[in-house]
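Please look over the sequence and the model first.

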Amino acid sequence: MKVFIKGLNTCNQRDHELEVYRRFLIGNGHDIVSEQKGSDAVLVWTCAFRGDVRDNSLDQLKSFCQDAEGDSRIIATGCLPDIAPESVGDWFKGELLPWKKADPRLEEFFRRPGGPSLASEDSKIFIEPALCEDATAYRKANPEADVIFYDQFVKLLVAEGCPFTCTYCSERLAFPDFRSFPEDKLVAACKGFLETSTQRTVALIGDCPGEYGRDTGTDITQLAWKILGLHPDLKIVLTQFHPADFLKHFDKVVGLLESGRISHLNLPMQSASDRILKLMAREYNSAGLVKIMEALRSIGFTAFDTHIILGFPGETEDDFEATMDFLLTQKPRYVLMSRFMETSGMAASRLPDKVAEDIANRRLNDGERRLKAAGIICNSEAGNMMEERLKRLNNAQATA
Ligand code: SF4
């Protein structure tokens, strides 16, 4: 069969799943093709962590359905079938395959006798070379390419799933159970990579990599040091690093940062209002965030970015201002600012005092304007950064 794989994922982590599909299909004798035209099946990884990306996945699915030739099959996998299945209308004439429940139909459709299973491919370590040395320069030279900040680093998937219970999280509805990939295999994969590559900055990626090792008796700092021990020039990027994990391993994380071998830290704070953090069940408060910021400042570490949610149920003007004050004081390099998106299965959908859309939008616009005026890069649902990114993602010809 000729299969066109399309990744609509806006995160790095799911490149692992696309790679698993690619190996599974090739191992079972299928051809991966670079466009829908002439294909027997289109396999789409959908994304739905907030309204604009969910709608983009829906638009793309619609267009794949419209362009389907003959009895070519459209298969939608990924996060949308778990996060917002109700948003897929009668127009969808394909198969919706939930990721979390490991729907067996993919194997039924594509597995041939003696071919590899999805599970066997899924257990392999995912390490991906950097696409470029400098994402900004690459984007300038290749304006059509779908390149994000993290594409300038080698990516190593260290863990999958998330054990936290944040009330706003829609992705949790899709994630499989938390698992850490074995430390020895991760280190061996890095070692093998370094033997054939000159790239020396490795991003430890995962849905919640700060929890790495909770199921295997180790922790993220131990893994980082083992990887750093492979080469004196190596540096590490910590992504999706939950502030609660920073606080849990505080001295060890500070030790890593003090070594000068952490080149970037992504610390999703979501809010700086204690009331909202509690409603979000984030397991830290603003005092914890201040403690982290003071540690970063005392080390002179400024290479950090964050994620913020505005319009969470119960958010008042004071809560919004508390978050803005925090950001404008601490000056992250980049802020991903999202409007709270309710989906039926998330705990926050049962919270009272919903914030009206016009108020949430006003805060988003206001927040973006104030951050930009302070020289902070802001990717907001109100701005056009994600819109531009989604256009590039949709147009990208590359398969997994
Ligand atoms: S919903 Fe989240 S985990 Fe799923 S593809 Fe989108 S960004 Fe990645």
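## A helix pair

Helix H13 (residues 317-330) packs with helix H14 (residues 357-373) at an angle of about 20°, their axes being 11 Å apart. H13 is therefore roughly parallel to H14, a label for angles under 35 degrees. Axes are lines fitted to C-alpha atoms over the stretch in contact, and angles run from 0 to 180 degrees between N-to-C directions. Helices are DSSP runs (H or I, at least four residues), numbered from the N terminus.

On the H13 side the contact is made by Phe320, Met324, Leu327 and Leu328, and on the H14 side by Arg363, Gly367, Arg370 and Leu371. Contact requires C-beta atoms, placed from the backbone, within 7 Å. These residues divide into 5 nonpolar, 1 polar and 2 charged; Ala, Val, Leu, Ile, Met, Phe, Trp, Tyr, Cys and Pro count as nonpolar, Asp, Glu, Lys and Arg as charged, and the others, Gly among them, as polar.

## Basis of the model

The model is predicted: local features need pLDDT of at least 70, side-chain atom pairs count only at pLDDT 80 or more, and totals for chains, interfaces and linings use all residues. Residues are numbered from 1 along each chain as its sequence is written.

## Two domains

The domain assignment, automatic or from a database, gives domain 1 (2-122) and domain 2 (127-395). Their centres, taken over C-alpha atoms, are separated by 26 Å. Domain 1 gives 19 residues to the contact and domain 2 gives 22.

## Ligand site

Residues around the ligand include Cys11, Arg14, Phe49 and Glu171, with C-beta atoms, placed from the backbone, within 6 Å of it. The shell has 6 nonpolar, 4 polar and 2 charged residues.

How values were computed
Helix = DSSP H or I, 4+ residues; strand = E, 2+ residues; numbered from the N terminus. Parallel < 35°, antiparallel > 145°, perpendicular 65-115°, else oblique. Contact = placed C-beta atoms within 7 Å.
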